[in-house]
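I opened this structure for the first time today. These are my notes, in the order I looked things up.

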Amino acid sequence: MAQVLLDGVRKVYKGDTGDVVAVEDFNLTIRDREFVVLVGPSGCGKTTTLRMIAGLEEITQGSIAIGDKVVNHVPPKDRDIAMVFQNYALYPHMSVYKNMAFGLRLRRVPKVEIERRVREAARVLGIEALLDRKPKALSGGQRQRVAVGRAIVRQPAAFLFDEPLSNLDAKLRVEMRAELKKLHHRLATTMIYVTHDQIEAMTLADRVVVMNNGRIQQVAPPLRVYDYPANLFVAGFLGTPSMNFIKGRLEGSNGSVRFAVAGSDASVTMPPRLASRLRDHAGRDVVLGVRPEGIGHRSEGAFAGSGNVLPLVVRVVEPLGDEQIVHLEQLGAERPQQLIAKLDSHVKVSVEQRFEAHLNMEKVHVFDSESQQNVSLEQEHVASER
Ligand SMILES: Nc1ncnc2c1ncn2[C@@H]1O[C@H](COP(=O)(O)OP(=O)(O)OP(=O)(O)O)[C@@H](O)[C@H]1O
Ligand SMILES: [Mg+2]
């Protein structure tokens, strides 16, 4: 058990064709027993960060501490950390038992103790019956359990996981996701988990670290990141379908603030609670962020009475059973903006029909077009949690 501290960490890969800055200005304290998930698009620096913590990659600048010990120059085997890789990296010629025991034998752990730990881990993971098999005789999910088992027997201070579920089919992923969460409860050990899957990040994490281009974009518990995204990138990355971004401009008049949609004369009134914060941005180009569930049809009455109606037209309807995804387009604009709404399936919509959209103004966000920052957050939600 340990906290893991990254302070001003930077990683530059030197290459023949130039340097690649993979991670920049990374500051984060991962608390003892915390489940932290690093999430972000391909190439944003997740694996590099994990490998630096494990000691498999040298850090270019900054420092990393595990417990209260700076480990910058401590070799991987002495860091008291276990890493589970995407491809599991099991030894094909060894039985499950031997795969799990291997690391302990290298460390000269007594045989009786090895046996005890392997059997205990196998019991926890439900793979006792597989201990004599070779990896090739296992399913993907079983191999994944063996890889986790091999990490558990080490009883490390922290676990590192690099996309451990990405080789599994959709159903198994969901199952193993729940297993990992249970395991975290049971072991009560620090876990640092990397994925590009936002659902995995949201469901597993105590705190989510959203990364892009080698930099941390936001650190917060999952629902905070979802409800109070710090900037356009975070807002667009979490949630399916993605948050709608409507281009326009803020206009102040007699104490209230309106959002005028670009390309037409439609506008909506910003709620009074936001007016004081947004008044400073009057006259600026902004992006109004509305999640698909924040757009309703007039007939639904969901956000009725708001008076904030946008005239749109239906282009595509995708029924999903209990709900439907409706693709909408701005009416009367030279270059119409596209929106996506998630509606209850009982709402009748048909293609080419006019759609009077109500926006749930309680849940909208306003992003400055230039800085890309969310300028509609209250101070308490802006606070970073690093
Ligand atoms: N050994 C290396 N040499 C040079 N560049 C590298 C090396 N490893 C990674 N990079 C570069 O560093 C950046 C970050 O890579 P990294 O593997 O950390 O991304 P990632 O977030 O794990 O992506 P993915 O989701 O695709 O696994 C990328 O631009 C990548 O091309
Ligand atoms: Mg990676």
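**Notebook: strands, helices and a ligand**

I note here that the model is predicted.

Entry 1: Strand β16, residues 309–319, and strand β19, residues 354–359, are linked by five bridges. The two strands run antiparallel. I then traced the sheet they belong to. It is an open sheet of five strands, in the order β15-β19-β16-β17-β18, with antiparallel pairing. At the edges I found β15 (295–297) and β18 (338–344), each of which pairs on one side only. From one strand to the next, the twist averages 50 degrees.

**Entry 2: another open sheet.** I followed a further set of five strands. Their order is β13-β12-β11-β14-β20, and the pairing is antiparallel. Here the edge strands are β13 (267–269) and β20 (365–368), each pairing on one side only. Neighbouring strands of this sheet are turned by 40 degrees against each other on average, with direction ignored. Inside the sheet I checked one pairing. Strand β11 (residues 244–253) meets strand β14 (residues 285–290) over six bridges, in the antiparallel sense. I picked out one position there: F245 stands opposite G289 in β14.

Entry 3: R10 has Q61 in β4 as its bridge partner. β4 also pairs with β5, over two bridges and again in the antiparallel sense. In that pairing, I66 stands opposite K69 in β5. The hairpin of β4 and β5 has two residues between the strands. There G67 takes a positive phi near 65 degrees.

**Entry 4: K69.** I stayed with this residue, which lies in strand β5 (residues 69–70). Is K69 buried or exposed? I counted 12 C-beta neighbours inside 10 Å. A residue with 12 or fewer is exposed, so K69 counts as exposed. I also checked a distance along the way. K69 and L5 are 64 residues apart along the chain, and their C-alpha atoms are separated by 9.6 Å.

**Entry 5: helix α2 and its partners.** How do α2 and α4 pack? Helix α2 (residues 96–106) packs on helix α4 (residues 140–152) at an angle of about 30 degrees, and the axes are 8 Å apart. Angles under 35 degrees count as roughly parallel, so α2 is roughly parallel to α4. Their crossing is right-handed. Next I took helix α3 (residues 111–125). It packs with α2 at an angle of about 135 degrees, with the axes 10 Å apart. That angle makes α2 oblique to α3. I logged this crossing as right-handed too.

**Entry 6: ligand 1.** I finished with the shell around the ligand. Which residues come nearest to ligand 1? Of the 13 residues around it, they are Y13, A22, S42, T47 and T48. By kind, the shell divides into four nonpolar, eight polar and one charged. I asked which elements supply it. β2 (20–30) and α1 (46–54) each give at least two residues. The largest share, three residues, comes from α1.

Notes. Residues numbered from 1 in each chain as written. Chains lettered and ligands numbered in written order. Predicted model: local features only at pLDDT ≥ 70, side-chain atom pairs only at ≥ 80, totals over all residues. Near = placed C-beta within 6 Å. Helix = DSSP H or I, 4+ residues; strand = E, 2+ residues; numbered from the N terminus. Nonpolar A, V, L, I, M, F, W, Y, C, P; charged D, E, K, R; others polar. Buried ≥ 20, exposed ≤ 12 C-beta atoms within 10 Å, placed from the backbone. Pairing = 2+ DSSP bridges. Axes fitted to C-alpha atoms, helices over the stretch in contact; angles between N-to-C directions. Parallel < 35°, antiparallel > 145°, perpendicular 65-115°, else oblique. Left-handed = near helix turned anticlockwise from the far one by under 90°.
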